[in-house]
Amino acid sequence: MKSYRKELWFNTPQRMGFINITGEVEACLRNSGIREGLALVNAMHITASVFINDDERGLHGDFETWLEELAPHAPLSRYRHNQTGEDNGDAHLKRQIMGREVVVAITAGKLDFGPWEQIFYGEFDGRRKKRVLVKIIGE
Ligand code: ZN
């Protein structure tokens, strides 16, 4: 069995944002030389997500609106977590609902997606360097 590991780094200019990382994961897959197996892609931070959905601007706006309705950033006093001196109580909740990781099947050297599936990094407490782990196993 072969194994491949890579960290992808991001620094989003806004607090919240979504980045299509499908191309970077495909590059990892090519570099791994693995033809059949599984790819795990996970956020390495508890205020960011990796998820699969459509690369459609309106949908991403809908995610932002929905998440901000569920867990508004302000007032900061709304969150007990912020009593620790942090200001990212909302980001932990947003990450939880959008998920930590995805696993994608690899078939014949390709990510074996369903229709319109793309992989996204979801940032909820940005403006600093954060990373995503890509781990691919197979043969
Ligand atoms: Zn925190």
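M1 counts as exposed because its relative accessibility is 77%; exposed means over 50% relative accessible area, buried under 20%, and partly exposed in between (1.4 Å probe, protein chains only). M1 sits in the segment before β1.

A word on the source. This is a predicted model, where local features need pLDDT of at least 70 and side-chain atom pairs count only at pLDDT 80 or more, while totals for chains, interfaces and linings use all residues. Residues are numbered from 1 along each chain as its sequence is written, and side-chain values use heavy atoms, without hydrogens and water.

Now the whole chain. It has three helices and eight strands. These are DSSP runs numbered from the N terminus: helices are H or I, at least four residues, and strands are E, at least two. Buried residues make up 43% of the 139 residues.

Next, the sheet. Five strands form an open sheet, ordered β1-β8-β3-β5-β6, with antiparallel pairing. Strands pair if DSSP finds at least two bridges between them. At the edges are β1 (2–10) and β6 (110–111), each pairing on one side only. Helix α1 (residues 22–32) packs on this sheet and touches β1, β3 (37–43), β5 (101–107), β6 and β8. Contact means heavy atoms within 4.5 Å. The direction of α1 makes about 150° with that of β1; axes are lines fitted to C-alpha atoms, for helices over the stretch in contact, and angles run from 0 to 180 degrees between N-to-C directions.

What joins β1 to β8 (residues 130–138)? Nine bridges do, and the two strands run antiparallel. K6 stands opposite V134 in β8.
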